[in-house]
Amino acid sequence: MIVTLPDRFEFLSDAWLDEARKFLERECNSNQERLGGRAFSVSERFTDAPPHLKFEGDIGSWGMRYDGKSLTVTREFNPSSDLTVEGEYQAALAGAQFVGLLAPGVIDAMRREVATMFGKDALRVKGALKDRAANLMLALLHDHLGRRTVENPDLAHRAARQGLAGKIREIEEKGYTVIERAISPEFADEVRRATLRALLPHQTFSMNWMLYHGREFEQLIQNPLLMTLIDASLGRGAVIASFSCIKKGPGPGVIPMHTDYAHVPEPYPEFSLTGVGVWALEDWRIESGPTYLVPGSHRMRRPPRPGEGNDGAVPIEMPKGSVVYFTQGVWHRQGDRTEPGDRVTLHAHFNRGILRSLEPKKTDVQMLHRNSPRLGEMLGEDDWFDNMSAAGRDHVRFAYMQQLLAYTEKQKRAILAGAGAPNELRRP
Ligand SMILES: [Fe+2]
């Protein structure tokens, strides 16, 4: 049995369905007049749910029907509902954690990013609700549940469904991996524009605390694919060390070969302490001055000595919207840029949850409200550190994180031992 923090639940679990029922009962009662006695119904059915949810055939479903007067919420999928959604559990979960559906463009963005991550047929929507009040209620239900819905805690199952099991094995071997096109080119453009908007005149090279500069950054840092790599290398409860941007114009690289292990004594531990996902917001070619990495250098368990490592370094070439993730003290440097224009990057740097960060965390209750619990987790909300109160230690958070870390570690071992799924998603 997987334990979640109070008032959180796994997508499609009994607790999730109970919360949906409670929400809809309350809303249907208080909006009777606006609903005007018009009937509407919605059904959803998703395959390849994590085995621990114990759905028959790993297919999870639910449905609701309002007959104009009373409401029924069941586990049944009814194909003749006004609106049906079918597809894969992990893709649907990514959509379920997209909060803020009533803001302009968000529903389209949700569909676009889910299709980018899981393929265009991963979710199939049929029909629609004609009634405005019914649509509004459904969007509010989605958000209400989304800000309480946790990520699939089964790392092995999740990685397979996201096509990332091989990437996790690659990180172990080389110290890094690339996820190509983890976000859409449209979203990459939006993030690039938002980054240039945020850069202060005196900080034209690099700026920190990017999380606090708009929705684009809140969404980018929760990218479910990158988060799976972070969970695998740093464990659950990894926290933001820094979320910075770099704007780099033409000229030689200005960051020489190094590791990101400040003040870590040699030899470095055999597990990773920190990891960074660098987002390419334009195509990265050799001329763009990409990041250079030394494959396997994490096994040296020390930083490079002056001049060392440059021979073995390889440039990371990848299309716009891709992310390179490197960890465990792997050696890296900035490349020389020989083409005109700026290379604009976002660096999502995470620490294992037991470590201190560069950026002090500024938890904003409104920000937590407009995101899934993933965001709180990376701001340290889910563990017991910095949470001592007059009542003493936060044992609930301690127990929760302890079991999540243990389960994640167990499933990571299974991935490294070669576990996959017969129907594992194939990433390009
Ligand atoms: Fe670095």
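Reader: How many of the five residues of strand 14 (residues 323-327) are buried?

Author: This is a predicted model, in which local features need pLDDT of at least 70, side-chain atom pairs count only at pLDDT 80 or more, and totals for chains, interfaces and linings use all residues. Residues are numbered from 1 along each chain as its sequence is written, while side-chain values use heavy atoms, with hydrogens and water left out. Buried means under 20% relative accessible area, exposed over 50% and partly exposed in between (1.4 Å probe, protein chains only), and strands (E, at least two residues) and helices (H or I, at least four) are DSSP runs numbered from the N terminus. Strand 14 is largely enclosed by the rest of the structure, because its buried residues number five of the five.

Reader: What is the bridge partner of Y176 in strand 14?

Author: Two strands pair if DSSP finds at least two bridges between them, and four bridges join strand 8 (residues 176-179) to strand 14, the two running antiparallel. Within strand 14, the residue bridged to Y176 is F326.

Reader: And which residue of strand 14 is the bridge partner of G277?

Author: Strand 11 (residues 274-280) also runs antiparallel to strand 14, and five bridges join them. For G277, the bridge partner in strand 14 is Y325.

Reader: Which residues are the protein donors of the iron ion?

Author: Donors are N, O and S atoms within 2.8 Å of the metal (3.2 Å for Na, K and Ca), and sites may look incomplete, because water is not among the atoms. In sequence, the donor residues of the iron ion are spaced H-x1-D-x71-H. Lying 2.1 to 2.2 Å from the iron ion, through NE2, OD and NE2 in that order, they are H258, D260 and H332.

Reader: Which residues does S297 touch, not counting residues up to four places away in sequence?

Author: S297 is placed in the loop between strand 12 (291-293) and strand 13 (314-315), and it counts as buried because its relative accessibility is 4%. Contact means heavy atoms within 4.5 Å, and, leaving out residues up to four places away in sequence, S297 touches G329, V330 and W331.

Reader: How many residues apart in sequence are the parts that the pair of W384 and F398 ties together?

Author: Rings of Phe, Tyr and Trp (its six-membered ring) pair if their centres lie within 6.5 Å, with planes under 30 degrees apart counted as stacked, over 60 as edge-to-face and the rest as tilted. A search of the whole structure finds eight aromatic pairs, among them the tilted pair of W384 and F398, at 4.2 Å centre to centre and 45 degrees between the planes. W384 lies in the loop between helix 12 (373-378) and helix 13 (395-416) and F398 in helix 13, so the distance along the sequence between the parts tied together is 14 residues.

Reader: Over the ring of which residue does the charged end of R333 sit?

Author: A charge sits over a ring if NZ of Lys or CZ of Arg is within 6 Å of the ring centre and within 35 degrees of the ring normal. The charged end of K362 sits over the ring of Y212, 4.8 Å from its centre. For R333, at 4.3 Å from the ring centre, the residue is Y292.

Reader: What distance separates the C-alpha atoms of E44 and E86?

Author: E44 lies in strand 2 (residues 40-47) and is buried, with a relative accessible area of 17%. Not counting residues up to four places away in sequence, E44 touches G60, S61, W62, F77 and V85. E44 and E86 are 42 residues apart along the chain, and their C-alpha atoms are separated by 5.7 Å.

Reader: How far apart in space are D131 and S184, C-alpha to C-alpha?

Author: D131 lies in the loop between strand 6 (123-127) and helix 5 (132-146), where it is buried, with a relative accessible area of 16%. D131 and S184 are 53 residues apart in sequence, and in space, C-alpha to C-alpha, their separation is 31 Å.
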